[in-house]
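These are my notebook entries on a predicted model.

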Amino acid sequence: MMIEREKIIKDYFQSWLNNNVAVLKDIFDPEIIYSECYGPEYHGIDIIERWFKDWNKRGKVIAWDIKQFIHERDLTAVEWYFKCEYDGEIGEFDGVSLIKFNEFNSIVNLKEFQSKIPHHYPYN
């Protein structure tokens, strides 16, 4: 079960690198709720596909590297590094996604959290 979920998440991240909207219906439940780390929230697969297409008109994901997975029942947490070019500017950050799966291993809820780069050390 954990290996299958990890593959689903890897396929999702890869879809951004390849700009491949076609796989989203295989990954997400039709009633998906997706909360981005900086505020926007999307409800339903049709809205997710619309957001994906619109975002990729202005941006390109350069890297979305997985650092680790943590599994607990129907939840998987994934720690990652993300880098993109959007509207001609490069952005990058570390992040965590908390992902809930249904009994069919479709993602029903995804919440992202970010940690800005560069990190600084105020006491050094």
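**Entry 1: helix packing**

I began with the axes of helix H1 (residues 2-18) and helix H3 (residues 45-58), which come within 10 Å and cross at roughly 40 degrees. That angle makes H1 oblique to H3, because a crossing counts as roughly parallel only under 35 degrees and as roughly perpendicular from 65 to 115. I then looked up who makes the contact, and found Tyr12, Ser15 and Trp16 on the H1 side, facing Trp51, Phe52, Trp55 and Asn56 of H3. Sorted by class, this contact of H1 with H3 has five nonpolar and two polar residues, and no charged ones.

**Entry 2: H1 by itself**

I checked the length of H1 against expectation: at 1.5 Å a residue its 17 residues should span 24 Å, and the end C-alpha atoms are 24 Å apart, which agrees. Which residues of H1 are buried? I listed Arg5, Glu6, Ile8, Ile9, Tyr12, Phe13, Ser15 and Trp16. For reading such a list I kept in mind that an α-helix has 3.6 residues a turn, so residues three or four places apart point the same way. Among the buried residues of H1, Tyr12, Ser15 and Trp16 also belong to the contact with H3.

**Entry 3: aromatic pairs**

How many aromatic pairs does the structure hold? The count is 19, and I noted two of them in detail. For Tyr42 and Trp51 the ring centres are 4.4 Å apart and the planes stand at 15 degrees, so I recorded the pair as stacked; both residues are buried. Trp51 also takes part in the contact that H3 makes with H1. For Trp80 and Phe82 the centres are 6.3 Å apart with the planes at 75 degrees, so this pair is edge-to-face. Trp80 is buried at a relative accessible area of 1%, and Phe82, at 11% relative accessibility, counts as buried because the cut-off is under 20%.

I next looked up the backbone angles. Asn19 has a positive phi of about 50 degrees although it is not a glycine, and its place is just after H1, in the loop between H1 and helix H2 (24-27). Its relative accessible area of 44% makes Asn19 partly exposed. Arg73 also carries a positive phi of about 50 degrees without being a glycine, and I located Arg73 in the loop between strand S3 (59-72) and strand S4 (75-86). Is Arg73 buried or exposed? With a relative accessible area of 72%, Arg73 is exposed. In the segment after strand S6 (107-116) I found Pro118, where the peptide bond from Ile117 to Pro118 is cis, with omega near 5 degrees.

**Entry 4: Val78**

Last, I took Val78 in strand S4, which is buried with a relative accessible area of 0%. Which residues is Val78 in contact with, once its neighbours within four places in sequence are left aside? I wrote down Ile9, Phe13, Ile66, Gln68, Phe69, Gly95, Val96, Ser97 and Ile99. Of these contacts, Ile9 and Phe13 are among the buried residues of H1. As a separate distance check, I noted that Val78 and Glu36 are 42 residues apart in sequence and 14 Å apart in space, C-alpha to C-alpha.

Notes. Residues numbered from 1 in each chain as written. Predicted model: local features only at pLDDT ≥ 70, side-chain atom pairs only at ≥ 80, totals over all residues. Heavy atoms only, no water. Axes fitted to C-alpha atoms, helices over the stretch in contact; angles between N-to-C directions. Helix = DSSP H or I, 4+ residues; strand = E, 2+ residues; numbered from the N terminus. Parallel < 35°, antiparallel > 145°, perpendicular 65-115°, else oblique. Contact = heavy atoms within 4.5 Å. Nonpolar A, V, L, I, M, F, W, Y, C, P; charged D, E, K, R; others polar. Expected span 1.5 Å × (residues − 1). Buried < 20%, exposed > 50% of the residue type's maximum accessible area, 1.4 Å probe, protein only. Phe/Tyr/Trp six-rings, centres within 6.5 Å; stacked < 30°, edge-to-face > 60°.
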